[in-house]
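I opened this entry to record what I looked up, one item at a time. The notes follow the order of my reading.

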Amino acid sequence: MTTTRKAPTGILGFPVAPFTENNQLDEKGLATNIQFLLDEGLEAIFVACGAGEYQSITKDEYEAMVDVAVAVTGGKVPVYTGVGGNIQTSLEFAKISADKGADGYLILPPYLVAGEQQGLAGYFKTIAESTDLNAIVYQRDQVSLSVSALEALAEVPQVVGVKDGLGDMELNTILTQTFGKRFSWLNGMPLAEVTMPAFIPLGFDSYSSAISNYIPHISRKFYQALLNGEREVVQDILQQVILPINNIRRQRKGYAVSLIKAGMEIMGLPVGETVRLPILPVEKEHYRELESILNKAIDLYPKNILVQSIKGDL
(Lines give C-alpha, C1' and ligand atoms only; values in the text may rest on other atoms or scores of the structure.)
Protein backbone atom coordinates (compact mmCIF):
# COMPACT_ATOMS: atom_id res chain seq x y z
CA MET A 1 0.00 0.00 0.00
CA THR A 2 1.36 3.39 -0.98
CA THR A 3 1.75 6.33 1.39
CA THR A 4 2.66 8.80 -1.37
CA ARG A 5 -0.14 11.34 -1.57
CA LYS A 6 -0.12 11.96 -5.29
CA ALA A 7 -2.28 10.74 -8.15
CA PRO A 8 -0.68 9.10 -11.19
CA THR A 9 0.23 11.37 -14.09
CA GLY A 10 0.50 10.73 -17.81
CA ILE A 11 -1.58 8.24 -19.78
CA LEU A 12 -3.70 6.04 -17.56
CA GLY A 13 -4.72 2.51 -18.49
CA PHE A 14 -8.34 1.43 -18.09
CA PRO A 15 -8.63 -2.27 -18.97
CA VAL A 16 -11.97 -3.71 -19.97
CA ALA A 17 -13.86 -6.52 -18.27
CA PRO A 18 -13.51 -9.42 -20.72
CA PHE A 19 -16.48 -11.78 -20.68
CA THR A 20 -16.80 -15.18 -22.27
CA GLU A 21 -19.69 -16.05 -24.58
CA ASN A 22 -21.32 -17.54 -21.46
CA ASN A 23 -21.05 -14.12 -19.79
CA GLN A 24 -18.39 -15.22 -17.31
CA LEU A 25 -15.43 -13.04 -16.37
CA ASP A 26 -12.37 -14.04 -18.39
CA GLU A 27 -9.53 -13.56 -15.92
CA LYS A 28 -6.86 -14.63 -18.41
CA GLY A 29 -8.19 -12.11 -20.90
CA LEU A 30 -8.03 -9.40 -18.25
CA ALA A 31 -4.47 -10.34 -17.34
CA THR A 32 -3.48 -10.16 -21.02
CA ASN A 33 -5.15 -6.74 -21.36
CA ILE A 34 -3.31 -5.38 -18.31
CA GLN A 35 0.04 -6.82 -19.39
CA PHE A 36 -0.40 -5.20 -22.80
CA LEU A 37 -0.99 -1.81 -21.14
CA LEU A 38 2.09 -2.29 -18.97
CA ASP A 39 4.21 -3.28 -21.96
CA GLU A 40 3.05 -0.12 -23.72
CA GLY A 41 4.25 2.08 -20.88
CA LEU A 42 0.98 3.29 -19.39
CA GLU A 43 1.58 4.99 -16.08
CA ALA A 44 -1.14 3.36 -13.96
CA ILE A 45 -3.83 0.70 -14.13
CA PHE A 46 -7.43 1.55 -13.20
CA VAL A 47 -9.33 -1.71 -12.92
CA ALA A 48 -13.07 -2.31 -12.51
CA CYS A 49 -13.95 1.27 -13.42
CA GLY A 50 -16.15 2.53 -16.26
CA ALA A 51 -14.34 0.67 -19.04
CA GLY A 52 -14.35 -2.37 -16.75
CA GLU A 53 -18.16 -2.27 -16.51
CA TYR A 54 -18.12 -1.58 -12.79
CA GLN A 55 -21.87 -1.12 -12.78
CA SER A 56 -22.54 -4.71 -13.83
CA ILE A 57 -19.94 -6.88 -12.11
CA THR A 58 -20.56 -8.98 -9.00
CA LYS A 59 -18.61 -8.74 -5.77
CA ASP A 60 -16.78 -11.98 -6.60
CA GLU A 61 -15.88 -10.66 -10.04
CA TYR A 62 -14.72 -7.39 -8.53
CA GLU A 63 -12.42 -9.22 -6.13
CA ALA A 64 -11.06 -11.33 -8.96
CA MET A 65 -10.36 -8.26 -11.12
CA VAL A 66 -8.49 -6.55 -8.28
CA ASP A 67 -6.48 -9.72 -7.63
CA VAL A 68 -5.51 -9.99 -11.29
CA ALA A 69 -4.51 -6.32 -11.53
CA VAL A 70 -2.36 -6.39 -8.40
CA ALA A 71 -0.70 -9.66 -9.43
CA VAL A 72 0.05 -8.66 -13.02
CA THR A 73 1.36 -5.18 -12.22
CA GLY A 74 3.57 -6.53 -9.44
CA GLY A 75 4.15 -3.04 -8.06
CA LYS A 76 5.53 -1.70 -11.35
CA VAL A 77 2.80 0.94 -11.59
CA PRO A 78 0.03 2.05 -9.22
CA VAL A 79 -3.23 0.09 -9.25
CA TYR A 80 -6.45 2.00 -8.71
CA THR A 81 -9.88 0.40 -8.47
CA GLY A 82 -13.36 1.72 -9.08
CA VAL A 83 -15.72 2.29 -6.16
CA GLY A 84 -18.95 4.23 -6.10
CA GLY A 85 -22.67 4.16 -6.64
CA ASN A 86 -24.31 2.71 -3.54
CA ILE A 87 -22.34 4.15 -0.64
CA GLN A 88 -22.50 0.96 1.44
CA THR A 89 -21.22 -1.10 -1.48
CA SER A 90 -18.58 1.57 -2.06
CA LEU A 91 -17.32 1.24 1.49
CA GLU A 92 -17.20 -2.53 1.15
CA PHE A 93 -15.31 -2.35 -2.15
CA ALA A 94 -12.93 0.27 -0.73
CA LYS A 95 -12.01 -2.16 2.07
CA ILE A 96 -11.57 -4.98 -0.46
CA SER A 97 -9.24 -2.75 -2.48
CA ALA A 98 -7.16 -1.94 0.58
CA ASP A 99 -7.03 -5.54 1.78
CA LYS A 100 -5.90 -6.77 -1.66
CA GLY A 101 -3.06 -4.29 -2.01
CA ALA A 102 -4.39 -1.64 -4.37
CA ASP A 103 -2.81 1.82 -4.22
CA GLY A 104 -6.00 3.80 -4.44
CA TYR A 105 -9.44 4.07 -5.95
CA LEU A 106 -11.46 6.23 -8.27
CA ILE A 107 -14.69 7.20 -6.53
CA LEU A 108 -17.49 7.15 -9.08
CA PRO A 109 -20.62 9.29 -8.58
CA PRO A 110 -23.67 7.98 -6.72
CA TYR A 111 -26.29 6.40 -8.93
CA LEU A 112 -29.86 7.58 -9.55
CA VAL A 113 -30.05 10.46 -7.07
CA ALA A 114 -28.66 13.97 -7.32
CA GLY A 115 -27.35 15.31 -4.03
CA GLU A 116 -26.72 18.79 -2.75
CA GLN A 117 -23.08 19.91 -2.66
CA GLN A 118 -22.82 19.20 1.07
CA GLY A 119 -24.19 15.72 0.51
CA LEU A 120 -21.87 15.04 -2.42
CA ALA A 121 -18.86 16.22 -0.44
CA GLY A 122 -19.97 13.96 2.40
CA TYR A 123 -20.35 11.01 0.05
CA PHE A 124 -16.82 11.37 -1.35
CA LYS A 125 -15.35 12.20 2.07
CA THR A 126 -16.91 9.18 3.79
CA ILE A 127 -15.54 6.78 1.19
CA ALA A 128 -12.12 8.44 1.04
CA GLU A 129 -11.68 8.38 4.82
CA SER A 130 -12.74 4.74 5.14
CA THR A 131 -9.22 3.50 4.29
CA ASP A 132 -5.73 4.97 4.00
CA LEU A 133 -5.64 4.49 0.22
CA ASN A 134 -5.39 7.43 -2.15
CA ALA A 135 -8.72 8.57 -3.55
CA ILE A 136 -9.62 10.38 -6.76
CA VAL A 137 -13.08 11.90 -6.95
CA TYR A 138 -14.90 11.77 -10.27
CA GLN A 139 -17.33 14.46 -11.36
CA ARG A 140 -19.51 13.39 -14.25
CA ASP A 141 -23.15 12.90 -15.21
CA GLN A 142 -25.29 14.41 -12.43
CA VAL A 143 -22.30 15.31 -10.21
CA SER A 144 -20.73 18.72 -10.65
CA LEU A 145 -18.55 19.76 -7.71
CA SER A 146 -18.46 23.33 -6.45
CA VAL A 147 -15.61 25.23 -4.84
CA SER A 148 -17.21 24.70 -1.43
CA ALA A 149 -17.42 20.93 -1.96
CA LEU A 150 -13.77 20.74 -2.96
CA GLU A 151 -12.81 22.93 -0.01
CA ALA A 152 -14.25 20.25 2.25
CA LEU A 153 -12.46 17.49 0.32
CA ALA A 154 -9.18 19.41 0.38
CA GLU A 155 -9.11 18.77 4.13
CA VAL A 156 -9.03 15.01 3.52
CA PRO A 157 -5.41 13.91 2.91
CA GLN A 158 -6.52 10.74 1.12
CA VAL A 159 -8.14 12.80 -1.66
CA VAL A 160 -5.30 13.34 -4.12
CA GLY A 161 -7.09 14.10 -7.36
CA VAL A 162 -10.15 15.28 -9.23
CA LYS A 163 -11.20 13.58 -12.45
CA ASP A 164 -13.45 15.55 -14.76
CA GLY A 165 -15.97 13.88 -17.05
CA LEU A 166 -18.21 16.90 -17.56
CA GLY A 167 -16.13 19.10 -19.82
CA ASP A 168 -17.44 22.31 -18.29
CA MET A 169 -14.41 24.45 -19.05
CA GLU A 170 -15.59 27.46 -17.04
CA LEU A 171 -15.94 25.24 -13.98
CA ASN A 172 -12.61 23.55 -14.69
CA THR A 173 -10.91 26.92 -14.91
CA ILE A 174 -12.40 28.04 -11.61
CA LEU A 175 -11.50 24.79 -9.80
CA THR A 176 -7.97 24.41 -11.12
CA GLN A 177 -7.09 28.04 -10.46
CA THR A 178 -8.64 27.94 -6.99
CA PHE A 179 -6.98 24.75 -5.78
CA GLY A 180 -3.91 24.53 -7.99
CA LYS A 181 -1.58 21.72 -7.01
CA ARG A 182 -3.58 20.68 -3.95
CA PHE A 183 -5.21 18.18 -6.31
CA SER A 184 -3.98 16.39 -9.37
CA TRP A 185 -6.30 17.02 -12.31
CA LEU A 186 -7.32 14.11 -14.54
CA ASN A 187 -9.19 14.31 -17.83
CA GLY A 188 -11.95 11.69 -17.73
CA MET A 189 -13.95 12.77 -20.75
CA PRO A 190 -15.10 10.07 -23.20
CA LEU A 191 -12.20 9.57 -25.61
CA ALA A 192 -10.17 12.04 -23.61
CA GLU A 193 -7.67 12.69 -26.38
CA VAL A 194 -10.35 14.85 -28.04
CA THR A 195 -10.34 17.39 -25.22
CA MET A 196 -6.80 17.08 -23.86
CA PRO A 197 -5.52 20.04 -25.94
CA ALA A 198 -7.94 22.27 -24.04
CA PHE A 199 -7.31 20.67 -20.64
CA ILE A 200 -3.50 20.87 -20.50
CA PRO A 201 -3.27 24.69 -20.16
CA LEU A 202 -5.48 24.49 -17.06
CA GLY A 203 -3.11 22.13 -15.26
CA PHE A 204 -4.49 18.71 -16.20
CA ASP A 205 -1.54 16.33 -16.42
CA SER A 206 -3.15 12.95 -17.02
CA TYR A 207 -6.01 11.32 -18.86
CA SER A 208 -7.80 8.01 -19.13
CA SER A 209 -7.14 6.58 -22.56
CA ALA A 210 -9.68 4.18 -24.04
CA ILE A 211 -7.80 3.87 -27.32
CA SER A 212 -4.66 2.80 -25.50
CA ASN A 213 -6.31 -0.58 -25.18
CA TYR A 214 -5.74 -1.08 -28.91
CA ILE A 215 -3.60 1.75 -30.41
CA PRO A 216 -1.55 2.95 -27.44
CA HIS A 217 1.40 4.07 -29.54
CA ILE A 218 -0.83 6.60 -31.31
CA SER A 219 -2.18 7.99 -28.05
CA ARG A 220 1.41 8.23 -26.82
CA LYS A 221 2.57 10.02 -29.97
CA PHE A 222 -0.37 12.40 -29.65
CA TYR A 223 0.34 13.23 -26.01
CA GLN A 224 4.05 13.73 -26.60
CA ALA A 225 3.22 16.06 -29.47
CA LEU A 226 0.89 18.03 -27.20
CA LEU A 227 3.55 18.42 -24.53
CA ASN A 228 6.21 19.32 -27.10
CA GLY A 229 4.05 21.90 -28.85
CA GLU A 230 4.04 19.98 -32.15
CA ARG A 231 0.81 21.49 -33.40
CA GLU A 232 0.76 19.90 -36.85
CA VAL A 233 1.23 16.39 -35.42
CA VAL A 234 -1.57 17.01 -32.93
CA GLN A 235 -3.93 18.24 -35.63
CA ASP A 236 -3.06 15.39 -38.00
CA ILE A 237 -3.74 12.70 -35.38
CA LEU A 238 -6.94 14.43 -34.33
CA GLN A 239 -8.22 14.62 -37.89
CA GLN A 240 -7.03 11.23 -39.12
CA VAL A 241 -7.64 9.03 -36.07
CA ILE A 242 -9.13 10.49 -32.91
CA LEU A 243 -12.06 12.49 -34.28
CA PRO A 244 -13.18 9.73 -36.68
CA ILE A 245 -13.21 7.21 -33.81
CA ASN A 246 -14.99 9.73 -31.62
CA ASN A 247 -17.63 10.21 -34.30
CA ILE A 248 -18.45 6.50 -34.11
CA ARG A 249 -18.46 6.61 -30.30
CA ARG A 250 -21.09 9.32 -30.36
CA GLN A 251 -23.48 7.23 -32.47
CA ARG A 252 -24.71 5.03 -29.62
CA LYS A 253 -24.90 5.20 -25.85
CA GLY A 254 -22.57 2.64 -24.34
CA TYR A 255 -20.05 2.79 -27.17
CA ALA A 256 -17.55 4.31 -24.74
CA VAL A 257 -17.21 0.71 -23.51
CA SER A 258 -18.18 -1.60 -26.35
CA LEU A 259 -16.11 0.30 -28.94
CA ILE A 260 -12.98 -0.48 -26.91
CA LYS A 261 -13.64 -4.20 -27.19
CA ALA A 262 -14.32 -3.87 -30.90
CA GLY A 263 -11.05 -1.99 -31.38
CA MET A 264 -9.15 -4.64 -29.47
CA GLU A 265 -10.72 -7.36 -31.62
CA ILE A 266 -9.75 -5.56 -34.82
CA MET A 267 -6.17 -5.04 -33.63
CA GLY A 268 -5.67 -8.70 -32.73
CA LEU A 269 -6.10 -8.30 -28.99
CA PRO A 270 -9.33 -10.25 -28.62
CA VAL A 271 -11.20 -10.06 -25.34
CA GLY A 272 -14.53 -10.91 -26.92
CA GLU A 273 -17.24 -8.41 -27.73
CA THR A 274 -19.61 -9.51 -24.98
CA VAL A 275 -20.86 -6.60 -22.91
CA ARG A 276 -23.49 -6.55 -20.19
CA LEU A 277 -26.83 -4.83 -20.45
CA PRO A 278 -27.80 -2.08 -20.87
CA ILE A 279 -24.63 -1.72 -22.99
CA LEU A 280 -24.91 -3.23 -26.46
CA PRO A 281 -22.20 -4.57 -28.78
CA VAL A 282 -20.97 -2.40 -31.63
CA GLU A 283 -23.19 -2.65 -34.70
CA LYS A 284 -21.70 -4.24 -37.82
CA GLU A 285 -21.74 -1.00 -39.79
CA HIS A 286 -19.85 0.84 -37.07
CA TYR A 287 -17.45 -2.07 -36.63
CA ARG A 288 -16.53 -1.86 -40.29
CA GLU A 289 -16.05 1.90 -40.02
CA LEU A 290 -13.76 1.45 -37.06
CA GLU A 291 -11.80 -1.25 -38.87
CA SER A 292 -11.24 1.09 -41.82
CA ILE A 293 -10.09 3.92 -39.54
CA LEU A 294 -7.66 1.68 -37.68
CA ASN A 295 -6.20 0.20 -40.83
CA LYS A 296 -5.53 3.71 -42.11
CA ALA A 297 -4.16 4.78 -38.72
CA ILE A 298 -1.62 1.98 -38.64
CA ASP A 299 -0.46 2.87 -42.14
CA LEU A 300 -0.04 6.51 -41.16
CA TYR A 301 1.47 5.85 -37.74
CA PRO A 302 3.27 2.50 -37.71
CA LYS A 303 4.26 1.25 -34.30
CA ASN A 304 7.87 1.71 -33.23
CA ILE A 305 9.53 -1.16 -31.44
CA LEU A 306 10.68 0.99 -28.53
CA VAL A 307 7.91 2.16 -26.21
CA GLN A 308 8.63 5.24 -24.13
CA SER A 309 6.56 6.53 -21.24
CA ILE A 310 5.95 10.19 -20.62
CA LYS A 311 6.97 9.87 -16.98
CA GLY A 312 10.26 8.18 -17.75
CA ASP A 313 11.40 10.18 -20.75
CA LEU A 314 10.36 13.79 -20.31
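**An exposed leucine**

I began with Leu 112, which counts as exposed because its relative accessibility is 89%. The cut-offs I used are these: buried is under 20% relative accessible area, exposed is over 50%, and partly exposed lies in between, with a 1.4 Å probe and protein chains only. Before going on I noted that this is a predicted model, where local features need pLDDT of at least 70, side-chain atom pairs count only at pLDDT 80 or more, and totals for chains, interfaces and linings use all residues. Residues are numbered from 1 along each chain as its sequence is written, and side-chain values use heavy atoms, with hydrogens and water left out.

Where does Leu 112 lie? I found Leu 112 in the loop between β4 (104-108) and α4 (117-128). Helices here are DSSP runs of H or I with at least four residues, strands are runs of E with at least two, and both are numbered from the N terminus.

I then looked at the neighbours in sequence. Tyr 111, Leu 112 and Val 113 form a nonpolar patch on the surface. Together they have about 380 Å² of accessible area. I wrote down the patch rule: members have over 30% relative accessible area and no salt bridge, with like charges joined within 9 Å and nonpolar side chains (Val, Leu, Ile, Met, Phe, Trp, Tyr) within 5 Å. The areas come from the Shrake-Rupley method with a 1.4 Å probe, and for residues only the protein chains shown count as cover.

Most residues other than glycine have a negative phi, and most peptide bonds are trans. I looked for exceptions. Leu 112 is one of them, with a positive phi near 70 degrees. Asn 23 also has a positive phi, about 70 degrees, although it is not a glycine. I located Asn 23 in the loop between β1 (10-13) and α1 (27-39). Asn 23 counts as partly exposed because its relative accessibility is 32%.

Next I checked the peptide bonds. Leu 277 and Pro 278 are joined by a cis peptide bond, with omega about 15 degrees. Pro 278 sits in the loop between α10 and α11.

**Salt bridges**

Side chains of opposite charge can pair when their charged atoms come close. My rule for a salt bridge was a side-chain nitrogen of Lys or Arg within 4 Å of a carboxyl oxygen of Asp or Glu. How many salt bridges does this rule give? The count comes to eleven.

I followed up some of them. Lys 59 forms a salt bridge with Glu 92, and their closest N and O atoms are 2.8 Å apart. This pair links distant parts of the chain: Lys 59 is in helix α2 (residues 59-73), Glu 92 is in helix α3 (residues 87-99), and they are 33 residues apart. Lys 59 is partly exposed, at 39% relative accessible area. Glu 92 is partly exposed too, at 35%.

Lys 125 and Glu 129 also meet in a salt bridge, 3.1 Å from N to O. Lys 125 is partly exposed at 32%, and Glu 129 is partly exposed at 41%.

I also noted Asp 141 with Arg 140, a salt bridge of 2.9 Å from N to O. Is Asp 141 buried or exposed? Asp 141 counts as exposed, at 55% relative accessibility. Arg 140 is partly exposed, at 29%.

**Helix pairs**

Two packed helices are described by the angle between their axes and the distance between the axes. Axes are lines fitted to C-alpha atoms, for helices over the stretch in contact, and angles run from 0 to 180 degrees between N-to-C directions. Angles under 35 degrees count as roughly parallel, over 145 as roughly antiparallel, 65 to 115 as roughly perpendicular, and the rest as oblique.

I took α1 and α2 to start. Their axes come within 9 Å and cross at roughly 40 degrees, so α1 is oblique to α2.

For α3 and α4, the axes come within 9 Å and cross at roughly 25 degrees. These two are therefore roughly parallel to each other.

Last, I looked at α10 (residues 255-266) and α11 (residues 284-300). They pack at about 55 degrees, with axes 10 Å apart, so α10 is oblique to α11.
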